[in-house]
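Student: I would like to go through this chain in short steps. Please set the terms as we meet them.

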Amino acid sequence: MAENRAGSDGKNMWRDALILFAITLISGLMLGLVYQVTEQPRRQQQERKIQEACREVFAQADRFEEFSYNIDETLAQELSADGVKTGTVYRALDTAGNSLGYVIETTSGEGYGGNITLYAGITNDGIVNGVSILSISETPGLGMRAGEVLVPQFAEKPAVYFTFTKSGSQSDSEIDAISGATITTEAVTNAVNGAVRVFEQALAQTAGALSDNGAGTEETEGRETV
């Protein structure tokens with residue numbers, strides 16, 4: 001009797017294991033199928049978000065082309081010391097394919113609530129065309145006001161090293177800080193400065209050449225239009 005019960009328990013265990021394996025296998029296959037079906041729509045949605053964000057800082061552009069660039073180790077270390085990392089760069093193009101400037105992604109890791117990622121649009125002649133914050137998690141009513149208080153202050157100013165002040169800006173290179181949110185102000189300012197530095201070192205020479213030629217059709221390795 002005991003042997004029969006043991007044998008029955010063993011069979012049940014194997015049966016349950018096989019059922020569990022089959023369920024896991026089918027679930028995995030279904031998840032893979034769902035991922036494949038939704039991959040293209042998700043990619044398209046992401047591309048639309050990128051284009052919308054780029055257009056916020058370059059409304060006059062017709063399209064945006066991913067641009068390969070390199071920064072030297074010294075600049076990378078300087079940016080890192082300020083808590084800034086560089087991201088993707090897009091070249092803003094008009095309807096004829098002429099280059100208008102660049103959209104530069106940077107992230108400051110020193111916001112009060114964590115990372116602050118933004119796009120800075122800089123024209124070929126070195127003017128900040130606009131800034132758009134992509135992600136931010138600062139204090140409501142304080143740091144979260146960066147989009148309405150800080151962002152407009154950068155627009156249409158020369159792309160130089162920016163500083164912030166609590167006593168009222170006296171020049172184009174000074175930004176009025178958000179009252180009670182100095183950490184957020186510094187993080188955003190550093191992120192914009194990171195974009196300026198990338199433009200100065202890695203992009204300005206190309207931008208000048210394109211402006212002189214009046215065209216933006218130069219071959220770019222690994223480029224993708226969004």
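Tutor: Contact means heavy atoms within 4.5 Å. This is a predicted model: local features need pLDDT of at least 70, side-chain atom pairs count only at pLDDT 80 or more, and totals for chains, interfaces and linings use all residues. Residues are numbered from 1 along each chain as its sequence is written, and side-chain values use heavy atoms, with hydrogens and water left out.

Student: How many helices and strands does the chain have?

Tutor: Both are DSSP runs numbered from the N terminus: helices are H or I of at least four residues, strands E of at least two. Along the sequence the pattern reads α-β-α-β-β-β-β-α-α-β-β-β-α. The count is 5 helices and 8 strands.

Student: Which residue stands opposite Thr-123 of E4?

Tutor: Thr-123 lies in strand E4, residues 114-123. Strand E3 (residues 99-111) runs antiparallel to E4, and 9 bridges join them. Opposite Thr-123 stands Gly-101.

Student: Is Thr-123 buried or exposed?

Tutor: Buried means under 20% relative accessible area, exposed over 50%, partly exposed in between (1.4 Å probe, protein chains only). Leaving out residues up to four places away in sequence, Thr-123 touches Phe-58, Leu-100, Gly-101, Asn-129 and Phe-199. Its relative accessibility is 10%, so Thr-123 counts as buried.

Student: With which side chain does the side chain of Thr-117 make a polar contact?

Tutor: A polar contact is a pair of N or O atoms within 3.5 Å; within protein, one must be able to donate a hydrogen and the other to accept it, and residues adjacent in sequence count only if both atoms are side-chain atoms. Thr-117 is found in strand E4 and is buried at 11% relative accessible area. Its contacts, not counting residues up to four places away in sequence, include Glu-105, Ile-133 and Ser-135. The polar partner, at 2.8 Å, is Thr-107.

Technical notes
Two strands pair if DSSP finds at least two bridges between them.
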